[in-house]
Amino acid sequence: MISIDEDFIAAAAPNAAAANNGRGLVLKNKFVALHHSDDNTLLFGECQGSGKTPYHCSADFTNPAAVTYRCSCPSRQFPCKHSLGLLYAYVDGKSFTPAEVPESLASKREKAAVRAEKKKVDADKPRKVNKSALAKKIKAQLEGLDLLEKLTLDLVRLGIGNMNAKSARDIEKQAKRLGDSYLPGAQTALHHYTKLFFNDDEAKSSAQQERIYSEALDQLGRLHSLVKQGRNYLNSRLDDPELAPEIESAIAAWLGHAWQLRELKDAGLVQTDVELVQLSFNSYDDVARREWVDTGTWMNLKTGAIQLTQNFRPYSAAKYIKEEDSFFQVAQVSELCVYPGDENPRVRWETMTMRPLAGGDFPKIQSFGHASFADVIKKVKTQLKSPLADRLPVYALNYQQIGQIGDKLVAVDAKGERLVLTEQGLDEEPNTCSLLPMLPPPLLQQQTLIARFRHDLDSRKLEIKPLSIVSRDAIHRLTY
């Protein structure tokens, strides 16, 4: 029997609107036929649309980790609302009668099986790379880094105090050429500097101005390092007969390399039979890249590592790309691809199954928490010495208590070490500290805090932004 629930449907839906529309079809009794195959691997049916002929929709569970959805409607979303409605009808206990699979659908299933087999065979074949084209691209990237170096030097000569919205936009116009040089990552890094000055018409306190100047100095240092390390990396690739990308650091991603799953697998960046639990989720608009970014923070129950998923939806195609959302079950992944990176590397997978969170999962998450704040602080400080390292790493911290000291919220570990809590983290994340006083008092003692570290450049101290609290029986999210 097919085993699914509403969480499964929510995870399969391309966005919340499609899921709601699918639910609406069931409530309005739009399905005129509901069937399942004799082997219970296929759900199929007919849904009345706006025309005379019903739409034929199906959900193929031959591979439960990668369900195939089909529908005769013209929608470009997969699964469409009709296929989602079919799933809702099944979960709601509607009557599905056994029936012979229609010939047209059976033919599609056979062709899909052939393609799947061919994909397995192709996966074992050595990947062919057009080395001349790749070398040409790398040379174009080197020319782009020359431009980035020139723009960075122009910014240094102009001086932070003389930067304003007009000069920032002038730099942005020139930076568009970095995209033509296959350096979208470098273009984004430059935008992180210029955006600090876009709102120069707003009145700012001296403290706010100092904060902007401190951040600007840090960003200039990152740009300088990106030019230096990027140039060394690209030149080393040209000297490598295989032109292999770097896998020991994130420099390739900094320059804008879009890693393919096949590349990650070929490089051995794969973990097998992994279970992941999402600890927090955030979706934001990245104006610099002109796309929506859905970011999930997960704990790997096999290793205790905190890893990230990132789903990019360009403005021009956002409605056709599946929108990720909060995930409240355990993702069971047979092959987890891990990107090169720092403390919280990005991960991706092709297929997964899900199971409900069980009572033993929460103590396991807590067991991976760091009991000593001092040890974590040391690790973060070491990481921040690298100019291109992630400035906002996430850690699991086992705290003795969260409380108020003066006007500050602080977390205290068993040895009395304190970390000040802050609302400052990623610009796109909502405030969370204000939610802590609303929690039941037991959650503020002897639990596990999932927190984003932040280095305050003015005070030169580390602070943490709370993302969620893990107790012995639940994950209490502060960001969704």
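Me: Two strands pair if DSSP finds at least two bridges between them. With that settled, which residue in strand 16 is the bridge partner of Phe453?
Reply: Ile464 is the bridge partner of Phe453 in strand 16. Strands (E, at least two residues) and helices (H or I, at least four) are DSSP runs, numbered from the N terminus. This is a predicted model, with pLDDT of at least 70 needed for local features and 80 or more for side-chain atom pairs, while totals for chains, interfaces and linings use all residues. Residues are numbered from 1 along each chain as its sequence is written, and side-chain values use heavy atoms, leaving out hydrogens and water.

Me: OK. How many bridges hold strand 15 and strand 16 together, and in which sense do they pair?
Reply: Nine bridges, in the antiparallel sense. Strand 15 and strand 16 also make a hairpin with four residues between them. Look at Arg460 in that turn: its phi is positive, about 60 degrees.

Me: Which strand does strand 16 pair with in the parallel sense?
Reply: Strand 14, over two bridges. There, Leu421 has Ile464 as its bridge partner in strand 16. Ile464 is also the bridge partner of Phe453.

Me: How many residues of strand 16 are buried?
Reply: Nine of the ten in strand 16 (residues 461-470), so to speak "mostly covered". Buried means under 20% relative accessible area, exposed means over 50%, and partly exposed is in between, using a 1.4 Å probe and protein chains only.

Me: Where does Gly425 sit?
Reply: Gly425 is in the loop between strand 14 (418-421) and strand 15 (445-456).

Me: Loop glycine, then. Buried or exposed?
Reply: Gly425 counts as buried because its relative accessibility is 17%.

Me: What does Gly425 touch, leaving aside neighbours within four places in sequence?
Reply: Leu392, Arg452, Arg454 and Lys465 are in contact with Gly425. Contact means heavy atoms within 4.5 Å.

Me: Changing topic. How is strand 7 placed, and why is it called enclosed?
Reply: Nine of the ten residues of strand 7 are buried, so the rest of the structure largely encloses it. Strand 6 runs antiparallel to strand 7, and ten bridges join the two. Phe281, for example, has Gly296 as its bridge partner in strand 7.

Me: What about strand 8, how many bridges does it have with strand 7?
Reply: Nine, again in the antiparallel sense, with strand 8 at residues 306-314. Thr297 stands opposite Leu308 in strand 8. Five residues separate strand 7 and strand 8 in their hairpin, and Gly304 in the turn has a positive phi of about 85 degrees.

Me: Val287, buried or exposed?
Reply: Val287 counts as exposed because its relative accessibility is 55%. Val287 belongs to the loop between strand 6 (270-286) and strand 7 (291-300).

Me: What's the strand order in the five-strand sheet?
Reply: The order is 4-3-2-1-5, in an open sheet with mixed pairing. Strand 4 (68-71) and strand 5 (97-98) are the edge strands, each pairing on one side only. Further in, strand 2 (residues 42-47) and strand 3 (residues 55-60) pair in the antiparallel sense over six bridges, and Leu42 has Asp60 as its bridge partner in strand 3.

Me: Which helix packs on that sheet?
Reply: Helix 3 (residues 81-91), which touches strand 1 (31-36), strand 2, strand 3 and strand 4. The direction of helix 3 makes about 65 degrees with that of strand 3. Axes are lines fitted to C-alpha atoms, for helices over the stretch in contact, and angles run from 0 to 180 degrees between N-to-C directions.

Me: Which residues does Ser83 touch?
Reply: Setting aside residues up to four places away in sequence, Ser83 touches Cys57, Ser58, Tyr69, Arg70 and Cys71. Ser83 is in helix 3 and is buried, with a relative accessible area of 1%.

Me: Last one: where is Ala175?
Reply: In helix 6 (residues 165-180). Ala175 is buried at 2% relative accessible area, and its contacts beyond four places in sequence are Leu151, Gln187 and Leu190.
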